[in-house]
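The entries follow the order in which I went through them.

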Amino acid sequence: MDRIDKMILSILQEDVTLPVAEIARRVGLSTTPAWRRIQKMEEDGVIKGRVAVLDPKAVNARVTVFVFITTNQHNEDWLIRFAKIISEMPEVVEFYRMSGQIDYLLKVVVPDIEAYDAFYKRLVSRIDITDVSSAFAMERIKDTAALPLNYMKLDPPPKAKG
């Protein structure tokens, strides 16, 4: 990966619908080499997919809830079962195993508090959890799927022949 790949990734994180020719123009390449770089990044798993970012209000997913879960079950069987249950709940858009006092963190999106209550009841009825607490987001201040690219390890530029 080099600085051109980094520029391509930056462009794609802003607008994945841009034609390859436009991406190529912006990074100073012709279309075919730019397309090959994108294809290689997809093959290498750097680009994991291309998605549409939806407006939560437009799809009636207005309420974001962060759910903090602790458990006294710290074995592989329980984790596999818990992960399967969570993967079947479309309201959960992010799911993390944590360090510290909280064992798991879920980001849940629902239309309203009543929908969250129904989600909560489904969750606790399916698996034993020691404690569940929730925090409702009052305002979405920053929301991006774009990753910071300033930490990328880049290949050194090729040495000039001469």
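Which element supplies the largest share of the lining of the largest pocket? I found that H1 does, with 4 residues. I note at the outset that this is a predicted model, and I read every entry below with that in mind.

**Entry: the largest pocket.** I looked up the volume and found about 1,300 Å³ of space in the largest pocket. Its lining is made by 34 residues, and those closest to its centre are Val51, Val53, Thr144, Ala145 and Ala146. Besides helix H1, which spans residues 3-14, I noted strand S2 (92-97) and strand S3 (104-110), each of which supplies at least two residues of this lining. When I sorted the lining by class, I counted 21 nonpolar, 3 polar and 10 charged residues.

**Entry: the second largest pocket.** I then turned to the second largest pocket, which holds about 330 Å³ of space. I recorded 16 lining residues, with Arg62, Thr64, Ala137, Glu139 and Arg140 lying nearest its centre. Strand S1, residues 63-70, gives the most to this lining, namely 3 residues. What does this lining consist of by class? I wrote down 6 nonpolar, 1 polar and 9 charged residues.

**Entry: the order of helices and strands.** I went on to the chain as a whole and found 5 helices and 4 strands, which follow the pattern α-α-α-β-α-β-β-α-β when read along the sequence.

Entry: How many of the residues count as buried? I found 27% of the 162 residues of the chain in that class, where buried stands for under 20% relative accessible area. The chain exposes about 11,700 Å², and I noted that carbon and sulfur atoms supply 54% of this area. Last, I looked up the contacts between residues at least 6 apart in sequence, and of these 65% join residues that are at least 24 apart.

Terms used:
Residues are numbered from 1 along each chain as its sequence is written. This is a predicted model: local features need pLDDT of at least 70, side-chain atom pairs count only at pLDDT 80 or more; totals for chains, interfaces and linings use all residues. Side-chain values use heavy atoms; hydrogens and water are left out. On a 1 Å grid over the protein atoms alone, a cavity is a set of points where a 1.4 Å probe fits but cannot get out, and a pocket is an open set with protein on both sides within 12 Å along at least five of seven lines; lining residues have an atom within 4 Å of a point. Grid points are joined across faces, edges and corners, and a volume is the space filled by probe spheres set on the points. Ala, Val, Leu, Ile, Met, Phe, Trp, Tyr, Cys and Pro count as nonpolar, Asp, Glu, Lys and Arg as charged, and the others, Gly among them, as polar. Buried means under 20% relative accessible area, exposed over 50%, partly exposed in between (1.4 Å probe, protein chains only). Contact means heavy atoms within 4.5 Å. Accessible areas come from the Shrake-Rupley method with a 1.4 Å probe; for residues, only the protein chains shown count as cover.
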